Amino acid sequence: MAVTKLFGAAIKRREDPRLITGRGNFTDHIRLPGTLVMAIKRSPHAHARIVRIDTSKARAMRGVVAVYTGQDLVDKLAPVPCAWLIPDSDLKLTPYRAVAVDKVRYVGDAVAVVVAEDRYVAQDAVEAIDVEYEVLPAVVDQEKAMEPGAPQLYDEIPNNLAFHWKLHVGDFDAVWNEAEVRLSRRLINHRLIPTAMEPRGALAAYNPGSGELTIWCTSQNPHVHRLLLSAVTGLPETRIRVIATDVGGGFGSKIPMYAGEMIAAAISRDLGRPIKWIETRQENYVATIHGRDHIQYVDIAARRDGTITGVRVRAYANMGAYLSTAAPGVPTWLFGLMLQGAYAIPVIHCDVYGVLTNTTPTDAYRGAGRPEATYLLERMIDILARELGMDPAEIRRKNFIPKDRFPYTTPTGLQYDSGDYEATLNRALELVDYANLRRQQAELRQQGRYIGIGFSTYVEVCGLAPSQAAGAMGFQGGLWESATVRVHPTGKVTVFTGSNPHGQGEETTFAQLVADELGVPFEDVEIIHGDTEMVPFGMGTYGSRSTAVGGAALVAACRKVKEKAQRIAAHLLEVSPEDLAFENGRFFVKGAPDRGMTFQEVALQAYLAWKLPRDIEPGLEATHFWDPVNNTFPFGCHICVVEVDPETGKVDFLKYVAVDDVGNVINPMIVDGQVHGGIAQGLAQAVYEYAAYDANGQLLSASLMDYAIPKASMLPSFTVDRTVTPTPVNPMGVKGAGETGTIASTPAVVNAVIDALAPFGIEHIDMPLTPERIWRAVRERSS
Amino acid sequence: MYPSTFTYYRAGSVQEALKLLVENPDAKLLAGGHSLIPAMKLRLASPSALIDISRVPELAGIRDAGDRIVIGATTRYDDIQRSELVRQVLPILPEAIDVIGDLQVRNMGTIGGSLAHADPAADLPAVVLALGAELKAVGPDGERTIPADQFFVDLFTTALQPNEILTEISFPKPPARTGMSYQKFANPASGYAVVGAAAVVTLGEDGKVAAVRVGVTGAGPYAVRRQNVEQALVGQEPTAAAIEAASQLASEGMTFNSDIFASDEYRAHLTRVFVKRALTRAVERARG
Ligand SMILES: Cc1cc2nc3c(=O)[nH]c(=O)nc-3n(C[C@H](O)[C@H](O)[C@H](O)COP(=O)(O)OP(=O)(O)OC[C@H]3O[C@@H](n4cnc5c(N)ncnc54)[C@H](O)[C@@H]3O)c2cc1C
């Protein structure tokens with residue numbers, strides 16, 4: 001009987017006392033003697049030729065050590081890499097210099113770099129650099145960028161078209177011609193700014209003596225950054241150490257390889273001194289990736305009974321001025337493969353145009369591709385329901401992939417691992433008291449009050465893997481994860497994981513897994529991550545993969561350790577391993593529970609090695625590289641209830657119910673936290689957040705004064721519940737919970753607002769549903 | 001995020017602060033620092049010197065001056081909000097302060113700093129207009145009193161001279177049967193007012209409007225009084241219809257700001273709506 005079972009226990013996050021009392025070890029906290037500070041001069045123009053750069057005034061300033069232009073760094077740094085080379089798409093790579101050499105292509109593109117004794121002087125020097133530009137016409141909108149005569153970002157990339165990706169399954173034209181109902185709409189999934197609490201930064205310390213570069217930086221995937229830094233600096237990987245232990249959030253924005261970190265590394269090597277560069281929030285807003293920014297043309301074919309027979313999508317993805325590291329994969333694979341959502345839609349036809357514009361590059365942002373697919377489907381299914389006079393819950397139920405069809409192979413070629421979609425819908429309907437709510441809605445409408453109920457029944461792909469699939473999709477990396485479990489002579493355990501949590505709480509959940517597997521106290525388990533010198537290799541934390549893939553690697557490594565411990569115990573107890581049972585951290589002889597050894601005793605013997613047989617190596621440690629057979633597919637139903645004030649257009653949130661199925665749950669408190677945060681972010685996309693550019697490519701929402709991230713007072717209280725459908729893909733049956741909230745909530749909120757506005761005949765408003773947009777829509781229909 | 005170099009002075013008295021201002025013509029007074037320091041960090045302001053007046057004893061505090069309440073310029077929002085006297089007599093002040101920024105901002109920000117800064121989206125300018133406050137300033141040439149109506153001149157511009165210090169704000173105590181309310185439509189990003197409307201209504205014994213003052217902030221380049229609305233209501237029975245009709249005038253003759261969150265047209269609409277809401281609530285309160 002396992003009295004210490006921690007799987008499923010709502011343990012408080014062990015990282016929190018450190019983080020919330022200011023004792024975290026973030027990049028900017030690291031102090032090295034002799035450190036110089038770096039600041040970047042950025043282009044104020046969206047598109048311009050650099051005519052001349054005068055750095056003389058800056059160089060002459062007291063405290064300024066060096067000034068670099070793009071030309072100065074050409075030999076020291078290869079271009080910023082793109083690592084998702086999607087095949088069969090005519091992909092054209094963008095030559096992307098860390099510091100622009102001849103041309104700038106977005107507001108925020110680096111044009112010069114100052115190195116100084118302190119940050120204030122560095123900023124003064126940045127302002128003293130005089131750059132003469134020949135300003136060129138800019139293009140911001142992806143559809144306009146493809147038009148003939150549009151400004152061209154690159155001579156070698158006609159029409160600014162970086163790629164055209166296709167996924168055509170089945171005969172859509174036939175389905176369309178036969179359809180009883182046809183709907184065509186244009187939907188906008190607007191641009192967002194990830195806004196991690198900690199901006200990006202790096203402390204690069206090159207040691208001219210040893211030829212080693214150590215770089216502390218804000219990374220979701222330190223080993224990948226080591227590999228890429230090696231590629232761009234020419235230093236061998238063996239001479240680079242990347243450390244990113246505490247990272248203050250990322251949401252995908254700390255996956256890419258960026259100019260800033262590269263420049264810091266190159267300059268540290270050049271000057272032989274530590275170089276610190278920490279982004280300001282304003283820099284973060286222009287020079288760290290943005291997310292989403294899709295224009296979608298959607299055709300839905302259906303029967304009168306609500307059955308959807310086909311989906312066709314033509315999407316224009318705004319890639320920004322350069323192709324960021326993983327960017328091409330986001331609007332293609334991560335979007336197109338999910339276009340059937342939770343529904344048994346047989347025919348999918350998808351064309352995606354990746355378009356370059358004079359804007360900040362886009363890349364993976366929490367959900368990455370899946371929110372774009374989910375929003376499209378969930379919005380269209382609501383429009384279809386209204387067209388047919390069906391209840392939005394019932395039309396979803398009608399189209400669900402039934403639970404007896406799992407594992408389910410989608411037309412796009414994915415294999416949905418496990419699911420019971422209807423169960424989440426039923427539970428959510430019950431929690432929100434649906435029938436009553438509809439009655440209340442009808443009554444309130446009589447009084448001139450407008451409440452709306454919005455659904456989102458989603459499925460998403462996470463635990464991004466396996467490596468074979470990654471290869472087929474052109475992703476220049478594997479999608480496995482590694483873990484090393486080292487048991488010390490005292491029985492205490494150090495775990496080295498290739499996952500790199502930066503807010504997800506794996507220091508806690510991983511320790512729970514290990515404590516259960518090895519029967520050791522939770523406190524005895526130490527989780528080490530984010531240091532390439534300590535962890536053998538890692539792919540990192542993104543795509544809700546840390547627990548499903550990194551956790552699985554960990555469990556597999558624990559099982560190797562336990563298997564060896566069992567052999568040692570058997571030898572010492574003079575029985576065969578099969579004769580031993582293991583409970584509560586103790587091996588004992590089956591049928592003779594008094595004859596046994598604790599795990600700690602075995603660990604000590606493993607290291608003393610006094611009595612080990614020749615075929616057992618001393619020590620107790622194992623490494624496992626886990627490459628899963630498949631992704632995992634969490635799903636669920638979110639229902640949002642709002643009231644809209646038609647006089648001002650303001651939306652008030654009355655209720656929010658989320659019933660998610662993320663498989664087995666290791667720590668419900670942490671999963672709730674992930675779901676809460678995800679809902680907040682997705683809800684914010686629906687009604688608050690909006691990265692707005694003017695026609696000249698100036699970012700108008702360039703600070704937190706204009707870009708509305710959600711504050712607690714702007715959110716409803718969430719009712720969170722779960723169903724549990726374990727996945728067969730990993731030994732723990734866990735799916736992943738990092739992105740469900742973001743993916744599910746956006747359409748639930750928009751659908752709720754549109755439902756509230758139904759009496760005005762409003763069928764759609766593009767996001768964000770700001771008060772003014774709602775007010776205008778109401779006014780238009782009322783007049 | 002990194003201001004340019006400046007000298008810091010801490011004034012011990014108003015006289016010392018004035019002297020420092022004369023000696024450092026490029027200097028700025030520092031009160032709560034919650035508008036000035038962000039501007040300096042973004043290098044939107046680069047004063048050569050700061051003269052900290054936040055610890056000058058005679059500039060802070062709330063006092064009952066018979067028929068008036070006088071609040072020192074460097075009195076913090078939080079102290080105003082906690083003042084029993086203010087809560088009793090001028091409840092619109094705590095009502096408005098309650099929706100300014102967050103706790104840290106209210107702990108640091110000062111009433112004088114907010115008024116002197118004259119941010120077009122700040123809350124208190126509308127309130128001092130509606131309360132008919134008087135603002136006292138001292139400069140090298142002595143002291144003068146500026147009625148709130150004449151204080152706000154343009155975007156971030158007041159009637160204060162660069163070498164003047166705002167010392168106190170004096171509010172008349174309202175007569176019986178007065179109700180007041182501040183209604184704000186906050187920008188979801190900044191929390192500042194997209195539109196904020198303050199209304200102070202005094203009813204006669206007959207239940208009709210005896211006096212009314214309305215101030216609007218956020219909508220245009222600077223906070224303004226809406227006399228046209230006031231005139232339409234005085235002497236009227238304050239019915240919903242009368243308030244609605246008067247509020248329709250609120251946007252007349254104004255210029256409106258426009259930004260990514262709210263166009264000028266929408267701000268004009270919000271001005272009418274929020275003036276109506278403030279008046280409605282003030283009348284409810286005046287009726288008791
Ligand atoms: C996060 C945040 C949110 C905020 N939200 C709101 C909000 O919702 N609503 C709102 O109204 N405000 C808001 N503010 C602004 C806040 O109210 C400021 O504190 C206030 O506007 C300025 O007061 P202060 O004492 O901080 O002035 P300071 O920043 O010290 O000074 C502002 C300006 O006034 C001058 N000045 C100050 N005192 C005097 C004086 N006695 N005589 C002459 N000149 C003087 C200074 O020289 C300076 O130019 C917010 C601020 C922050 C940082």
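Modeller: Contact means heavy atoms within 4.5 Å. This is a predicted model, in which local features need pLDDT of at least 70 and side-chain atom pairs count only at pLDDT 80 or more, while totals for chains, interfaces and linings use all residues. Residues are numbered from 1 along each chain as its sequence is written, chains are lettered from A and ligands numbered from 1 in the order in which they are written, and side-chain values use heavy atoms, with hydrogens and water left out.

Colleague: Which residues is Ile80(B) in contact with, leaving aside its neighbours within four places in sequence?

Modeller: They are Ile62(B), Ile71(B), Thr75(B), Val86(B), Leu93(B), Ile97(B) and Ile111(B). Ile80(B) itself sits in helix H3 (residues 77-82) of chain B, where helices (H or I, at least four residues) and strands (E, at least two) are DSSP runs numbered from the N terminus.

Colleague: Is Ile80(B) buried or exposed?

Modeller: Buried means under 20% relative accessible area, exposed over 50%, and partly exposed in between, with a 1.4 Å probe and protein chains only. Ile80(B) has a relative accessible area of 0%, and therefore counts as buried.

Colleague: How should I read a polar contact, and which side chains make one with the side chain of His529(A)?

Modeller: A polar contact is a pair of N or O atoms within 3.5 Å; within protein, one must be able to donate a hydrogen and the other to accept it, and residues adjacent in sequence count only if both atoms are side-chain atoms. The side chain of His529(A) makes such a contact with the side chain of Asn500(A) at 2.6 Å, and another, of 3.0 Å, with that of Glu507(A). His529(A) lies in strand E21 (residues 525-529) of chain A, and its relative accessibility is 4%, so it is buried.

Colleague: What area is buried between chain B and chain A?

Modeller: The size of an interface is often given as the accessible area lost when the parts come together. Buried area is the accessible area (1.4 Å probe) that two parts lose on being put together, summed over both. Between chain B and chain A about 2,200 Å² is buried, and carbon and sulfur atoms give 60% of that area. On the chain B side, Tyr2(B), Arg43(B) and Ile260(B) lose the most area to chain A, together 29% of what that side buries. In terms of contacts, 25 residues of chain B meet 29 residues of chain A.
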